[in-house]
Amino acid sequence: MEKMQSFIDYIFFEVWCKAPEGNPFGFDLFDGNAELKEVIEAFHYSDAAGADFFNGHVERIYNLFAPLTPEEIDKFQQWYQANNNIERVCAKDSALPLVRYADIKTTYPTLHDKLASFFKGLYSQKLLNLAALREKIGEIDDHYHNFMTVNKAGKCPFCGISDVFGIYHSKREAYDHYLPKGLYPFNSINFRNLVPACHHCNSSYKGTKDTAFTPKDPAGVTRRRKFFYPYTTDGDSIEISIDFSNPDVDNLAASDVQLSFGPSTISEELDTWQDVYGIEERYQAKCCSNDAKDWLEQVRILRDEHGIEPIDALASWRKQSEKDLTANSNFLRVAFLEGCHRLGLWSRNSPA
């Protein structure tokens, strides 16, 4: 699928951005990329709706780029490069001129409409399933299988608590456009911006939220913010602490569960993560669920039937969590039980 991004890169820089040179639109514009030229030619003679969509948009946008000045072309190139450098966007690199569709629309309304239609439509099965394209770029299912072969946890990489389809399933999870394709141009097919996520993270909570900007404050002001880069190989370890305002941990309400996240060095990324994916609400709900009641029951069974003190059971679960954070929600179970320990639930005189 990264081949598809290379095709779009070529179209943008070598075709559209050279439109002001005055050459008529034709197959020869694609001479520098033989595989892409084969696709363009095959689409030209195809009756498929996806083929007409692709070629038609490429030509129409070429004609809209033709009257742009060198300064405008340079500006669009900077926007394209910025929006596709997902890692630096996540780091809130102020040197990147990140652009949204709304920014383009104010000055280039017609071009905005065509760009939006094209880039939103790129990620569609009616296009990606066309044989002439598929034989060049492969299938998205191949990327998903490779991703899950490496990321074997079986849990959503964003919330850590929801199961996701893995290599032993015939189905796959949907891909989330980390920078929403409805808000940001140029990166709808960039696989650094496409990440497998559970349905709850992708649809129920994130939806079309703007990951790169905070929600509007009471004065209507929004600002850039940092957020975690999903394809990092050396990510930060998130610290979670849970305390309770109600000592009756068998009958908790969400408001009884206080969550704290760290370390402070990544506080901005943590705030974005909680806002976009509803983390606090979902973790509070987990602490009030039957799963949490089962965590407590396991402690009681080990103590009452096997003579294992709760503090020793907790130490064992800490070691288990170090080996696999997400299995059985270990990271949340340990934080929950540590909160119970701080509450004095398992003191020598406690009946719990």
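How many nonpolar, polar and charged residues does the lining of the largest cavity have, by class? The lining has seven nonpolar, two polar and two charged residues, where Ala, Val, Leu, Ile, Met, Phe, Trp, Tyr, Cys and Pro count as nonpolar, Asp, Glu, Lys and Arg as charged, and the others, Gly among them, as polar. This is a predicted model, in which local features need pLDDT of at least 70 and side-chain atom pairs count only at pLDDT 80 or more, while totals for chains, interfaces and linings use all residues. Residues are numbered from 1 along each chain as its sequence is written, and side-chain values use heavy atoms, with hydrogens and water left out.

A search of the whole structure finds one cavity of 30 Å³ or more, a cavity being a set of points, on a 1 Å grid over the protein atoms alone, where a 1.4 Å probe fits but cannot get out, with lining residues having an atom within 4 Å of a point. The volume of the largest cavity is about 40 Å³, taken as the space filled by probe spheres set on the points. Its lining includes Val-249, Asp-250, Cys-287, Lys-293 and Phe-336, and helix α14 (residues 290-306) gives the most to that lining, with three residues; helices (H or I, at least four residues) and strands (E, at least two) are DSSP runs, numbered from the N terminus.

Aromatic rings of Phe, Tyr and Trp (its six-membered ring) pair if their centres lie within 6.5 Å, with planes under 30 degrees apart counted as stacked, over 60 as edge-to-face and the rest as tilted; by this rule the count comes to 32 aromatic pairs. One of them joins Phe-119 and Phe-186 in an edge-to-face arrangement, 5.5 Å centre to centre and with 90° between the planes. This pair links distant parts of the chain, 67 residues apart, since Phe-119 belongs to helix α7 (residues 109-122) and Phe-186 to the loop between β1 (175-177) and β2 (194-196). Phe-119 is buried, with a relative accessible area of 1%, and Phe-186 also counts as buried at 1% relative accessibility, the cut-offs being under 20% for buried, over 50% for exposed and partly exposed in between (1.4 Å probe, protein chains only).

The backbone also deserves attention. Most residues other than glycine have a negative phi, and most peptide bonds are trans. Phe-186, although not a glycine, has a positive phi of about 80°, and Ser-329, also not a glycine, has one of about 55°. Ser-329 is found in the loop between α15 (310-323) and α16 (330-342). The peptide bond from Gly-262 to Pro-263 is cis, with omega near 5°.

Methods:
1 Å grid on protein atoms, 1.4 Å probe; cavity = no way out; pocket = protein on both sides within 12 Å on 5 of 7 lines; lining within 4 Å.
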